[in-house]
Amino acid sequence: LRSQSTSTEEPKTKRNLLDNASNLLTNFLSGGKIGSMPTAEGAVTDLFDRPLFFSLYDWFIEHGSVYKLAFGPKAFVVVSDPIVARHILRENAFSYDKGVLADILEPIMGKGLIPADLDTWKQRRRVIAPGFHSLYLEAMVKTFRNCSERTIVKFEKLLERESLRGGKAIELDLEAEFSSLALDIIGLGVFNYDFGSVTKESPVIKAVYGTLFEAEHRSTFYIPYWKFPLAKWIVPRQRKFYGDLKVINDCLDVLIRNAKETREETDVEKLQQRDYLNLKDASLLRFLVDMRGTDVDDRQLRDDLMTMLIAGHETTAAVLTWAVFFLAQNPSKMKKAQEEIDSVLGQDGPTYESIKKLEYTRLIAVESLRLFPQPPLLIRRSLKPDKLPGGYNGAKDGYAVPAGTDLFISVYNLHRSPYFWDNPNEFEPERFLVEKKSHVEGWAGFDPSRSPGALYPNEIIADFAFLPFGGGPRKCVGDQFALMESTVALAMLLQKFTVELKGSPDSVEQVTGATLHTKNGLWCKLQKSRPCAEQSSIAIDASWVPHTSTVRLHL
Ligand code: HEM
């Protein structure tokens with residue numbers, strides 16, 4: 001790790017000539033306005049040795065809450081400061097766009113909400129956000145429960161087989177299992193399509209993973225090779241990628257056509273009052289197609305669906321993966337959660353109402369997101385010159401940033417900042433129950449009463465020191481969906497099983513792309529150790545088959 005606290009006025013003698021020249025160029029191009037920031041210099045090895053955000057953390061501790069990261073000819077401003085993050089994400093949100101992120105995601109998500117230009121974003125956000133209303137979420141809890149039950153039944157069958165051989169535990173890669181579960185849930189919730197990936201493989205499932213893999217690869221590969229002319233036809237991984245995209249797009253096109261053919265146009269208020277628990281199709285696609293006065297072409301709808309498929313799949317799977325990773329290292333916390341689950345649920349499955357009583361289980365999901373936020377960085381580019389406010393340990397007067405500056409808001413640094421959290425690296429779900437007075441001018445402290453009725457701690461409660469779903473107008477639309485999904489899946493797993501890691505925690509290597517995941521899977525030992533879990537299956541119909549659309553693909 002080569003990290004130096006420098007300013008352009010005092011170049012360090014040992015700096016290599018190339019870096020030096022590129023820094024000067026960067027400062028020249030930026031008009032010298034961010035030249036006075038502390039500068040961390042990244043070596044190319046920082047990109048490959050370990051996930052970048054680990055180095056960003058070390059530099060944060062060394063250089064303060066706003067610093068410049070120079071990588072050859074490229075410079076990024078790294079923000080680890082809630083006051084500056086609040087300014088960029090909320091107070092001056094429309095002076096920024098998604099910059100590098102949009103470049104990477106546009107070929108996959110088109111004009112979906114994440115990479116969309118401002119005009120498209122305004123139109124689509126107005127239509128999509130109301131789709132996540134409370135009756136929809138209530139119906140989704142039923143879907144979360146039914147899908148989780150399929151996973152649990154699968155584990156039970158494996159355990160049964162193992163017990164015939166005299167074994168008491170099964171070994172599984174839980175990361176892969178959570179990924180399948182989250183894919184099934186997002187398919188049903190967003191476009192009423194049952195991938196069925198917990199129990200089978202299919203060309204569409206393979207295509208989704210292929211696309212995710214490419215999105216991941218692009219976000220860690222610093223040369224945009226996909227933009228080279230003819231790459232689409234010549235580079236094998238690009239040919240495969242476009243093949244995968246076609247498979248998914250064909251599937252989505254059929255779903256959109258089916259939804260449009262059965263359209264029942266109505267006002268948004270009436271849509272939100274439908275009998276969701278008994279609807280054959282409670283999906284977001286149904287909502288978007290049926291909403292009066294919002295006709296859009298199929299291409300836009302497809303981009304919307306693709307965006308939510310990608311945004312809502314691996315992120316939620318990662319919450320579950322890391323929650324189990326931490327619980328397995330903290331058996332007393334796992335036991336505490338199991339006691340809560342037993343006392344709230346008994347043998348029943350979770351419901352929309354019972355989630356409200358599963359406080360500790362909810363906080364486990366939130367604490368998993370604090371320690372391993374998905375994604376660990378938020379990416380922005382300034383559209384016009386801006387003045388960042390003075391941070392708590394950055395320059396007191398703040399910094400002027402020119403148009404075109406690339407910024408990383410390091411959510412990982414914010415969530416593990418020793419300035420805002422006690423024992424920041426420890427897994428302590430109960431921390432969110434404690435109010436914390438502010439010791440920093442301009443930061444309002446940690447106060448759960450600021451967001452009355454919120455089921456889960458959020459950025460408002462923590463005044464932007466906690467940003468698992470971003471903040472401001474571009475905050476995640478699926479936050480409650482994802483948190484309830486995580487709570488239901490965790491509760492149902494712990495209701496039946498006790499989990500141990502197969503190897504040591506250190507053997508679980510982390511790799512990062514858009515989300516943070518393991519290098520070789522989260523291998524765990526599962527056993528039914530509690531008397532409560534030995535009894536008959538949860539009172540849910542395990543042979544449940546959703547009312548999904550049929551899609552015929554010509555592959
Ligand atoms: C945006 C995190 C689940 C859909 C975001 C952002 C974050 C985030 C941090 C803001 C990005 C930024 O400001 O640059 C997460 C996490 C999830 C999750 C941690 C799971 C635990 C979901 C789900 C859906 C979804 C389930 C949809 C069903 C979206 C969309 C946006 C977004 C559409 C773009 C919003 C906009 O720009 O208006 N998400 N997300 N996310 N998320 Fe999520």
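Me: Leaving out residues up to four places away in sequence, which residues does proline 429 touch?
Reply: In this predicted model, proline 429 has its place in the loop between helix 18 and helix 19, and at 0% relative accessibility it counts as buried. Once residues up to four places away in sequence are set aside, the residues that proline 429 touches are Lys333, Tyr360, Leu363, Ile364 and Glu367.

Me: What distance separates the C-alpha atoms of proline 429 and serine 417?
Reply: Proline 429 belongs to the loop between helix 18 and helix 19, and serine 417 stands 12 residues away from proline 429 along the chain. Taken from C-alpha to C-alpha, the separation of proline 429 and serine 417 is 16 Å.

Me: Is aspartate 463 buried or exposed?
Reply: Aspartate 463 is found in the loop between helix 18 and helix 19, and its phi is near 40 degrees, a positive value in a residue other than glycine. Most residues other than glycine have a negative phi. The relative accessible area of aspartate 463 is 8%, and because the cut-off for this class is under 20%, aspartate 463 counts as buried.

Me: What is the relative accessible area of phenylalanine 464?
Reply: Phenylalanine 464 lies in the loop between helix 18 and helix 19, and its phi, near 70 degrees, is a positive value in a residue other than glycine. Phenylalanine 464 is classed as buried, and its relative accessible area is 1%.

Me: Where is the place of proline 375?
Reply: The peptide bond that leads from glutamine 374 to proline 375 is cis, with omega near 0 degrees. Most peptide bonds, by contrast, are trans. As for the position of proline 375 in the fold, it sits in the loop between helix 17 (359-371) and strand 6 (377-382).

Me: Are helix 14 and helix 15 roughly parallel or roughly perpendicular to each other?
Reply: Helix 14 (residues 298-329) packs against helix 15 (residues 331-345) at an angle of about 110 degrees, and their axes are 5 Å apart. Leu327, Ala328 and Gln329 of helix 14 make the contact with Pro331, Lys333 and Met334 of helix 15, a set that divides into four nonpolar, one polar and one charged. Since angles of 65 to 115 degrees fall in the class concerned, the two helices are roughly perpendicular.

Me: Within what arc do the buried residues of helix 5 fall, seen down its axis?
Reply: Helix 5 (residues 100-109) has as its buried residues Ala102, Ile104, Leu105, Ile108 and Met109. These buried residues line one face of the helix, because, seen down the axis of helix 5, they fall within an arc of 165 degrees.

Me: Which glycine takes a positive phi just after helix 5?
Reply: Helix 5 spans residues 100-109, and the glycine asked about comes just after the helix. The phi there is about 55 degrees, and the residue that takes this positive value is glycine 110.

Me: How far apart in space are aspartate 406 and lysine 98, C-alpha to C-alpha?
Reply: Aspartate 406 has its place in strand 9 (residues 406-410), and at 3% relative accessibility it counts as buried. Leaving aside neighbours within four places in sequence, its contacts include Lys74, Phe76, Val100 and Arg380. Although aspartate 406 and lysine 98 are 308 residues apart in sequence, their C-alpha atoms are separated in space by 9.1 Å.

Me: How far apart in space are valine 511 and glutamate 261, C-alpha to C-alpha?
Reply: Valine 511 is found in strand 11 (residues 510-512), and it is partly exposed, with a relative accessible area of 27%. Leaving aside its neighbours within four places in sequence, valine 511 is in contact with Pro51, Leu516, His517, Thr518 and Lys519. Valine 511 and glutamate 261 are 250 residues apart in sequence, and the C-alpha distance between them is 43 Å.

Me: What percentage of the residues of the chain count as buried?
Reply: The chain has 20 helices and 13 strands. Among the contacts in the chain with a separation of 6 or more, residues 24 or more positions apart account for 74%. Of the 555 residues of the chain, the share that counts as buried is 59%.

Terms used
Residues are numbered from 1 along each chain as its sequence is written. This is a predicted model: local features need pLDDT of at least 70, side-chain atom pairs count only at pLDDT 80 or more; totals for chains, interfaces and linings use all residues. Side-chain values use heavy atoms; hydrogens and water are left out. Axes are lines fitted to C-alpha atoms, for helices over the stretch in contact, and angles run from 0 to 180 degrees between N-to-C directions. Helices (H or I, at least four residues) and strands (E, at least two) are DSSP runs, numbered from the N terminus. Angles under 35 degrees count as roughly parallel, over 145 as roughly antiparallel, 65 to 115 as roughly perpendicular and the rest as oblique. Contact means heavy atoms within 4.5 Å. Ala, Val, Leu, Ile, Met, Phe, Trp, Tyr, Cys and Pro count as nonpolar, Asp, Glu, Lys and Arg as charged, and the others, Gly among them, as polar. Buried means under 20% relative accessible area, exposed over 50%, partly exposed in between (1.4 Å probe, protein chains only). The arc is that of the directions from the helix axis to the C-beta atoms.
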